[in-house]
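Subject: Handing over a structure

Dear colleague,

I am passing on a structure for you to look through, and below it you will find a careful account of what was found in it. Please keep it open beside the text as you read.

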Amino acid sequence: MVVKLVKEITSSEAFLMLKKDSDSRLVDVRTEKEIFSVGFPDLDSIGKKVIFIEWNQSFFSKSSKRFIDTFKEKFGVHTKGNFMFICKSGIRSNFAALTV
């Protein structure tokens with residue numbers, strides 16, 4: 001049985017995990033418009049890049065299929081490590097985390 005764990009963490013906790021765990025990744029699920037208006041995390045100091053996979057609409061639309069297809073294209077089917085997802089309010093990032 002596979003148990004999916006989704007845990008809310010602070011940005012400081014996420015940064016420390018990204019810094020310490022070489023297999024950890026940060027996935028930004030915000031729209032392009034949001035990213036350009038607000039900015040995005042700079043992970044250059046720890047030698048990592050943010051991965052952008054937009055989550056559109058709601059959990060009940062085709063967003064989950066589109067998201068998981070793009071996720072698999074970027075990371076493959078068998079992934080290891082921790083994935084952290086960010087968005088403006090935490091709703092889309094939670095849907096994304098539950099989807100993968």
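**Where to begin: Gly81**

Gly81 sits in the loop that joins helix 3 to strand 3, where helices (H or I, at least four residues) and strands (E, at least two) are DSSP runs that are numbered from the N terminus. With a relative accessible area of 40%, Gly81 is partly exposed; on this scale buried means under 20% relative accessible area, exposed means over 50%, and partly exposed lies in between, with a 1.4 Å probe and protein chains only. Although Gly81 and Asp21 are 60 residues apart along the chain, their C-alpha atoms are separated by 7.7 Å.

Before going further, please note that this is a predicted model, in which local features need pLDDT of at least 70 and side-chain atom pairs count only at pLDDT 80 or more, while totals for chains, interfaces and linings use all residues. Residues are numbered from 1 along each chain as its sequence is written, and side-chain values use heavy atoms, with hydrogens and water left out.

**The chain as a whole**

The chain has four helices and three strands, and when it is read along the sequence these follow the pattern α-β-α-β-α-β-α. Of the 100 residues in the chain, 31% are buried. A contact means heavy atoms within 4.5 Å, and among the contacts in the chain with a separation of 6 or more, 62% are between residues 24 or more positions apart. The chain exposes about 7200 Å², of which carbon and sulfur atoms supply 55%; such areas come from the Shrake-Rupley method with a 1.4 Å probe, and for residues only the protein chains shown count as cover.

**Two arginines**

Is Arg30 buried or exposed? Arg30, which lies in the loop between strand 1 (25–28) and helix 2 (32–38), has a relative accessible area of 10% and is therefore buried. Its side chain makes a polar contact with the side chain of Asp28 at 2.5 Å, and the side chain of Arg30 also reaches the backbone oxygen of Gly39 at 2.9 Å. A polar contact is a pair of N or O atoms within 3.5 Å; within protein, one must be able to donate a hydrogen and the other to accept it, and residues adjacent in sequence count only if both atoms are side-chain atoms. Leaving aside neighbours within four places in sequence, Arg30 is in contact with residues including Glu54, Ile86 and Arg92.

Arg92 belongs to helix 4 and counts as buried because its relative accessibility is 16%. Not counting residues up to four places away in sequence, Arg92 touches Val29, Arg30, Thr31, Glu34, Trp55 and Cys87.

Lys20, in helix 1, counts as exposed because its relative accessibility is 71%, and its C-alpha atom is separated by 9.1 Å from that of Ile46, 26 residues apart along the chain. Gly47 is found in the loop between helix 2 and strand 2 (51–52), and its relative accessible area of 66% makes Gly47 exposed. The C-alpha atoms of Gly47 and Lys19, which are 28 residues apart along the chain, are separated by 8.5 Å.

**The largest pocket**

Which residues lie nearest the centre of the largest pocket? They are Lys7, Phe83, Met84, Phe85 and Ala97, from a lining of 36 residues. The elements that give two or more residues to this lining are helix 1 (11–20), helix 3 (63–75), strand 3 (83–86) and helix 4 (91–99), and helix 1 gives the most, with five residues. A pocket here is an open set of points, on a 1 Å grid over the protein atoms alone, where a 1.4 Å probe fits, with protein on both sides within 12 Å along at least five of seven lines, and lining residues have an atom within 4 Å of a point.

With best wishes
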